[in-house]
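Visitor: Please take one part of this model and go through it closely. After that, turn to the charged pairs.

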Amino acid sequence: MATQRVSDVMTSDVEVVRPSDSLRVAAEKMRVLNVGPIPVCDGDELVGIVTDRDIVIRAVAQGLDAERTQVAQAMTRGVEFVYDDDDLTQAAQKMRASQIRRILVLNRKKRLVGILSLGDVAAELSDQESGRTLEEVSAPSQPAQP
């Protein structure tokens, strides 16, 4: 059997927001799409990701106005990613190591081309591999040691 690549199973039609968009715009897009994370792109360059949790913790809980606060103020920079031509098993390993349920997919020119979810991985890998990935992604993270 041929090695499965990330591009074989990823979702390629990914909506994005701009860093200058308001958090309300991002939240509305999340609502319409029924998603929690949305990649943030400046033109065609990936600059981060914003999640529903980011909006609540970094903005709403701080009393910031979602209409006036830009996505750039709440987003996470330096996001984890895999390449579209990476082996699916390697992508699953990266998701386990980082304990993330979704990972952004870039092409070799570092342009966003998709998103890979835990569900995508589970549907394609062996039961043992997908079970291990789900278990490790879902495990409580260990607090940092002083």
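Guide: Strand β1 is mostly covered, with five of its six residues buried. Buried means under 20% relative accessible area, exposed means over 50%, and partly exposed is in between (1.4 Å probe, protein chains only). The model is predicted, so local features need pLDDT of at least 70 and side-chain atom pairs need 80 or more, while totals for chains, interfaces and linings use all residues. Residues are numbered from 1 along each chain as its sequence is written, and side-chain values use heavy atoms, without hydrogens or water.

β1 covers residues 37–42, and aspartate 42 lies in it. Strands (E, at least two residues) and helices (H or I, at least four) are DSSP runs, numbered from the N terminus. β1 runs antiparallel to β2 (residues 45–51), and six bridges join them. Two strands pair if DSSP finds at least two bridges between them. Proline 39 has isoleucine 49 of β2 as its bridge partner. The β1–β2 hairpin has two residues between the strands, and glycine 43 takes a positive phi near 70 degrees there.

Now back to aspartate 42. At a relative accessible area of 48%, aspartate 42 is partly exposed. Leaving aside neighbours within four places in sequence, aspartate 42 is in contact (heavy atoms within 4.5 Å) with Pro19 and Val47. Valine 16 is 26 residues away along the chain, and its C-alpha atom is separated from that of aspartate 42 by 9.5 Å.

Next, charge. Side chains of opposite charge can pair when their charged atoms come close. A salt bridge here is a side-chain nitrogen of Lys or Arg within 4 Å of a carboxyl oxygen of Asp or Glu. By this rule the count is 10.

Arginine 24 and glutamate 67 form one, with the closest N and O atoms 2.8 Å apart. Arginine 24 lies in helix α2 and glutamate 67 in the loop between α3 (52–58) and β3 (81–83), so the pair ties together parts 43 residues apart in sequence. Arginine 24 is partly exposed at 39%, and glutamate 67 is partly exposed at 46%.

Glutamate 15 pairs with lysine 29 in a salt bridge, closest N and O atoms 3.5 Å apart. Glutamate 15 sits in the loop between α1 (6–9) and α2 (23–33), lysine 29 in α2, 14 residues apart.

Arginine 58 forms a salt bridge with aspartate 54, at 3.7 Å between the closest N and O atoms. Both lie in helix α3, four residues apart, about one turn of the helix. Arginine 58 is partly exposed at 36%, whereas aspartate 54 is buried at 9%.

Finally, Asp85, Asp86 and Arg108 are linked in a network of salt bridges.
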